Amino acid sequence: MAKLILLWLKCVVLWAIVEAVFEDQVGKFDWRQQYVGKVRFSHFDTHVQSSKKVLVATERNVFAALNTRTGELFWRHVDKTGSEGNIDALLQHGQDAVLVVGNGRLLRSWEINVGGLNWEVVLDSGSFQSACLVGQQDMVKHVAVLKKTAISVHYLSNGHQKWIENLPETETVDYQAVYSDGNGEVYVLGVVPHSHIAIVVYSMEDGEIIKQMSVEAPWLYNIQASCVVVGQGMLTCVDSAGVSFYMLDLHLQLQMTQVPLQSLALEVDPGFHPVLLSHQPNPARQPLSEFFLQLGPDHYQLLQLNNGQIAAMRDFKPALLVSFATTGEKTVAAVMSPKNKTACSVNLFSAETGRRLLDTTLIVNMDPNGGKPEKLYVQAFLKKDDSVGYRAMVQTEDHTLTFIQQPGRVMWTREEALSDVVTMEMVDLPLTGTQAELEGEFGKKAAIQDGLMSMVMKRLSSQLILLQAWIGHLWKLFYDARKPRSQVKNDVTIENLSRDEFNLQKMMVMVTASGKLFGIDSKTGGILWRHYLHNVPPNAAFKLMVQRTTAHFPHPPQCTLLIKDKDTGLGTLHVFNPIFGKKSHVTPPALPQPILQSLMLPLMDQDYAKVLLLVDDQYKVSAFPSTKNVLQQLQEMAASIFFYLVDSSQGRLSGYRLRTDLSTEQIWEVIIPPEVQKIVSVKGKRPNEHVHSQGRVMGDRSVLYKYLNPNLLAVVTESTDLHQERSFIGILLIDGVTGRIIHEAIQRKARGPVHVVHSENWVVYEYWSTKSRRNEFSVIELYEGMELYNSTVFSSLDRPHAPQVLQQSYIFPSSISTMEATLTEKGITSRHLLIGLPSGGILSLPKMFLDPRRPEIVSEQSREENLIPYAPELLIRTEWFINYNQTVSRVRGIYTAPSGLESTCLVVAYGLDIYQTRVYPSKQFDVLKDDYDYMLISSVLFALFFATMISKRLAEVKLLNRAWR
Amino acid sequence: MARLPTFNVAVVSTVLFIACTDFVCCNNGRRVGDNLETEFSGFSVPLEHSFEVDDVAKFRVRGALVLKAGREPSVSLSQNQLSEDDRTKLKEVAAVDGLYRIRVPRVFLQADRQTERQMEGYLTAFVRACAMVESHLSDVISLHTDVSGYLIGVSIVTLPGACRGTEVEDEVDLEVFNTTLSIMAPVNAPGPETALFLERMEQESEKKGKNPQEQKSFFAKYWYLILGGAIFLMVSNSAQPPAGGGREQS
């Protein structure tokens with residue numbers, strides 16, 4: 001037993017050494033990018049003139065401060081996902097930012113310089129309506145939060161509640177807005193739709209109702225959408241049906257006065273709901289008396305309220321976006337108008353006069369592969385000569401933030417679409433131009449056409465090109481060597497992209513939920529191309545497939561993205577070049593029918609593009625590309641093309657076979673009653689996976705052969721009964737060709753979410769054990785037994801014997817977010833599981849620990865086989881975290897790709913952040929270490945060489961001397 | 001060696017399985033009388049097959065499956081011989097590499113009444129017709145149920161499974177089905193085995209406790225080594241000065 005413990009310790013120590021990154025390797029092979037998501041609220045920090053901060057609160061429940069000079073994060077706070085962490089409002093005053101979070105559940109105040117939490121209070125329940133800062137005598141000391149049934153006022157300094165009052169008549173009145181202009185009163189505005197406005201005025205001191213009024217407004221149903229407060233407390237509303245303004249003085253509250261838009265010579269675009277935009281620079285003062293009215297999608301009007309009279313000041317058409325900004329005492333209006341197809345211009349106008357300010361034009365170049373501008377945030381500042389200068393932050397449809405300085409210099413861009421990556425692929429980079437030229441010159445066609453002489457000439461010329469490239473390379477090396485290391489920059493651009501020696505640098509093609517595609521260099525993380533797909537439905541499902549790799553020069557590589565609307569099932573195809581991001585000239589077929597299934601076949605057409613089969617809801621199959629050659633191949637292969645469909649709502653798994661006329665026939669069906677359990681995931685194996693060894697050598701030197709069925713599917717079900725005693729999860733292993741149930745097991749007293757990895761001859765899944773209240777891992781391994789049925793080829797149709805199934809379970813001390821297995825070129829390297837933890841760590845767990853053959857009682861043979869004795873708990877060792885301190889927030893998926901080195905696997909973890917690194921599951925057995933001593937070994941070699949030479953000479957002399965003697 | 005852990009798992013899972021099926025029965029809340037009744041009577045459903053040259057399924061009755069529900073569901077099959085026509089047709093289908101399909105209706109084994117047992121739809125499976133012919137109609141059919149007794153899938157394989165293109169001369173070989181039939185319920189996946197592990201750990205610590213050698217203190221165990229080391233040090237210390245001195249003297 002002592003021996004056993006010693007062995008165990010050895011193992012542990014050994015593994016402890018294997019993992020971990022050396023200190024000087026930090027950031028050498030890995031990078032991380034942090035994102036915040038689509039911006040919902042944004043405020044520039046204006047309390048200090050030289051401040052470099054912009055605060056953003058996003059739809060991904062993140063609150064962060066960005067550096068306006070570089071676009072980097074100063075700090076970031078990631079809240080819970082879903083509605084619990086939803087940011088309802090962001091108010092900023094001085095150094096404090098007040099957030100209302102989780103539909104009015106929490107009120108938080110942050111110190112914006114360092115991002116520390118000042119205070120947090122839990123608010124009374126009730127759905128959130130509106131919030132505003134309340135000032136008195138030019139001092140802002142309170143924040144008012146309006147809920148459906150109550151209003152509460154809190155101190156800004158410590159969050160304590162000053163008073164809370166229930167609102168009157170909440171059954172009928174829908175309170176929607178709260179307003180204050182620094183005169184010691186808080187106005188709560190409510191509406192009884194299509195009847196009247198209810199106004200309740202509270203005293204700031206003690207929350208007493210000062211006044212309560214209702215004013216007829218039969219046309220109004222939503223205050224926030226159609227009303228603003230302008231000037232000296234004048235509630236101004238616009239009615240699209242009546243085409244007129246309605247004004248109500250909040251202090252007097254007599255009656256609404258109607259001003260038809262026609263009397264101001266204004267006309268609303270047909271079908272457009274007009275929108276008002278006002279500006280209150282200081283919550284302790286009254287709002288500006290100037291305001292914008294949006295009359296159409298690209299039509300704005302600046303208006304002024306003067307002594308109760310509205311006057312038109314300036315008409316802006318075309319204008320895409322408008323925004324107010326205040327600096328010091330000056331308020332300006334920024335208007336963005338289209339200039340030409342690729343650029344927009346922003347101009348500043350004085351808010352008081354409506355006059356254009358000189359030298360304030362800013363040109364915004366629109367990315368042709370981006371979206372339209374959606375929001376404009378303006379940071380205004382006073383220059384030395386007291387004129388107003390500004391910078392603009394433009395948010396576009398594709399969630400990009402661009403920060404622009406006059407006269408149009410882009411200071412930074414943030415691609416916030418990358419905070420929501422849905423799927424990705426890694427594509428090999430192409431060869432360099434010279435390499436490609438060589439390839440092309442000695443292609444098959446050339447050799448036949450050209451004669452002897454021309455071939456010789458070609459060879460010579462290509463040798464010359466090579467020589468030239470080599471000299472160029474040497475020169476660059478020499479030139480760089482003289483510069484200090486920090487200045488040497490290897491900027492990767494789309495022009496100098498080329499494959500490296502070991503294929504470690506690849507192109508990451510990322511598809512985001514917003515419909516924007518990115519091409520990212522895996523070595524540096526630089527975005528090399530971006531492409532925004534317009535008209536992507538908001539709930540689309542994406543599937544990215546590589547149809548042609550870079551290996552088929554001169555044919556360009558080709559990726560196909562299937563975009564499917566989840567509601568209708570209708571799909572579209574986007575075909576593009578993954579290296580340059582350009583849309584391919586190949587026109588994809590139109591898909592008039594909903595798509596049920598898509599599958600990539602290993603067949604290729606004459607241009608080396610793999611064939612994509614699409615199955616529609618009539619069970620008809622269409623091929624892309626669908627050339628004659630492809631159709632002919634398909635006809636020949638039809639009898640061996642099988643596919644399966646899963647209908648989880650009916651629990652139906654069915655298999656189909658392709659017929660020669662591209663119709664299909666159902667050949668098997670398995671129905672899992674959805675009343676008892678529902679299918680939650682179906683996992684096949686990755687098609688590019690290689691398994692090097694067919695079996696495992698046992699302690700007695702016999703071989704246990706693996707059951708390597710490439711068509712095997714792991715189907716996971718969860719019980720509909722969620723009672724903790726009766727809930728279970730089911731694992732079915734089904735052959736995807738024959739529909740044969742290879743193994744059926746249930747894990748009792750267990751619940752999802754279940755994470756599954758299916759590879760080689762094993763399935764690993766993780767679940768929540770309701771009985772023991774812990775996370776557990778289970779591993780299933782399949783073996784054919786001591787002899788192989790048919791060692792040359794695997795056919796699902798001819799494998800009559802059921803495999804042996806081994807299973808073992810373990811306790812895991814943490815919940816997990818996602819799981820994936822490492823993948824290498826030839827599958828020689830041992831496998832690790834990469835586990836994304838909710839804490840932000842990515843754990844590399846050796847598969848060795850998840851092995852159902854781990855013995856409970858150690859024997860001589862199990863020791864011979866290097867099996868670790870069974871221990872029910874899997875430990876998390878800190879050295880196993882491949883991202884050391886680089887936390888990856890909200891990991892959603894992990895992508896693994898093989899590199900040219902067998903030992904190395906490229907890993908990308910994506911979620912809110914993106915993290916790229918390399919892992920070496922069996923250490924770097926095929927690479928010399930970084931600190932390998934070349935000098936020593938070469939000097940020893942040389943020394944030995946010379947020593948032999950000299951001793952040889954000496955020996956000769958000695959022999960000669962002896963002969964003379 | 002390889003068998004050992006397999007065996008363990010199997011034993012444990014069967015133990016668990018028995019325990020859990022007990023539990024399921026209790027929870028179902030069925031009346032005991034009914035349960036007994038179904039256990040004894042059993043009921044039959046048709047097993048149908050289809051093999052057509054044009055591969056359009058036309059199912060005909062091949063036999064009757066008699067299912068016995070209960071704690072350990074069992075199944076038996078009574079089936080007819082293949083007729084002369086069918087035999088030639090099967091060979092024709094095999095010649096064009098067609099499929100031999102079977103199907104069974106979806107049934108719920110635990111239901112009390114016949115009407116509740118039958119459900120809409122069929123479960124289908126197939127083998128290549130040539131495999132059926134070359135194996136002389138010896139097939140293995142297994143029916144799979146889920147936890148609550150619904151039939152969820154059927155599978156068929158032939159033994160041997162390969163199509164080698166060997167001609168079946170004798171018509172008699174294609175007359176009688178030689179079917180191995182089984183019904184399979186899901187196995188219980190094992191949970192982490194803490195009890196055994198703890199027991200083992202306890203045993204180990206007990207062993208340690210019993211072994212007097214382990215209890216000895218460090219000095220008691222290695223006194224000879226320490227003593228030897230000390231002597232060696234002393235000897236080498238005392239030996240060196242004279243040697244050095246001697247050299248100095250000379």
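Let me begin in chain B, where the charged end of Arg103(B) sits over the ring of Tyr122(B), 3.7 Å from its centre; a charge counts as over a ring if NZ of Lys or CZ of Arg is within 6 Å of the ring centre and within 35 degrees of the ring normal. This is a predicted model, in which local features need pLDDT of at least 70 and side-chain atom pairs count only at pLDDT 80 or more, while totals for chains, interfaces and linings use all residues. Residues are numbered from 1 along each chain as its sequence is written, chains are lettered from A and ligands numbered from 1 in the order in which they are written, and side-chain values use heavy atoms, with hydrogens and water left out.

In chain A, the charged end of Lys53(A) sits over the ring of Phe74(A), at 4.9 Å from its centre.

Staying with chain B, there are 8 helices and 9 strands, taken as DSSP runs numbered from the N terminus, helices being H or I with at least four residues and strands E with at least two. Of the 250 residues in chain B, 37% are buried, where buried means under 20% relative accessible area, exposed over 50% and partly exposed in between, with a 1.4 Å probe and protein chains only.

One residue to look at is Ser138(B), which lies in strand 6 (residues 138-145) of chain B and counts as buried because its relative accessibility is 13%. A polar atom of its side chain lies 2.5 Å from the backbone oxygen of Ser135(B), and the side chain of Ser138(B) also reaches the backbone oxygen of Leu159(B) at 3.1 Å. If we leave aside neighbours within four places in sequence, Ser138(B) is in contact, meaning heavy atoms within 4.5 Å, with Thr158(B), Leu159(B) and Asn178(B).

Turning to the rings, a search of the whole structure finds 28 aromatic pairs over all chains; rings of Phe, Tyr and Trp (its six-membered ring) pair if their centres lie within 6.5 Å, and planes under 30 degrees apart count as stacked, over 60 as edge-to-face and the rest as tilted. One of them is the stacked pair of Tyr619(A) and Tyr656(A), 5.1 Å centre to centre with 15 degrees between the planes. This pair links distant parts of the chain, 37 residues apart, with Tyr619(A) in the loop between strand 42 (610-616) and strand 43 (621-624) and Tyr656(A) in strand 45 (residues 652-658) of chain A. Tyr619(A) counts as partly exposed because its relative accessibility is 35%, whereas Tyr656(A), at 7%, counts as buried.

Notes:
Polar contact = N/O pair within 3.5 Å; in protein donor to acceptor, adjacent residues only side chain to side chain.
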